[in-house]
Amino acid sequence: MRCKLCWRDAVEGEDYCTYHLEAYRRILEAYEDWRRAMDIGWEEFLREVSENPATGEWAREVALRLLGEFRSLSPSGSPFPPSPRRRRGTS
Ligand SMILES: [Zn+2]
């Protein structure tokens, strides 16, 4: 099975490859911390993560996917992970 976010093989029984799985786990951990510190919802948190310039590319891809906005992969399937495209000042 393939990682839902890239062309790598997914970890057995998981949706992601080791890299994206690691990023996913960090996001979950970070969310626990954030929730303790402030009143923030899951979606809001994912937006913060995906828009934070300090977020790594792996985590950003995971966050975008969880938001349902990850669509960088072409339907034919790119052999490479999506290139980072930072949106800045789009408001
Ligand atoms: Zn992956």
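Which residues are exposed on the other side of α1? The legends below take up this point after an overview.

**View 1. Overall fold of the predicted model.** This is a predicted model, in which local features need pLDDT of at least 70 and side-chain atom pairs count only at pLDDT 80 or more, whereas totals for chains, interfaces and linings use all residues. Residues are numbered from 1 along each chain as its sequence is written. The protein has three helices and zero strands, arranged along the sequence as α-α-α; helices (H or I, at least four residues) and strands (E, at least two) are DSSP runs, numbered from the N terminus. Of its 91 residues, 22% count as buried, a residue being buried if 20 or more other C-beta atoms, placed from the backbone, lie within 10 Å of its own, exposed if 12 or fewer, and partly exposed in between.

View 2. Tyr 19, His 20, Ala 23, Tyr 24 and Ile 27 are the buried residues of α1, and they lie on the same side of the helix because they cover an arc of only 130° around the axis, taken from the directions from the helix axis to the C-beta atoms. These buried residues pack against α2 and α3, while Arg 25, Leu 28, Glu 29, Glu 32, Asp 33 and Arg 36 are exposed on the other side of α1.

**View 3. Surroundings of Ala 63.** Leaving aside neighbours within four places in sequence, Ala 63 is in contact with Ile 27, Leu 46, Val 49 and Ser 50, contact meaning that the C-beta atoms of two residues, placed from the backbone, lie within 7 Å.
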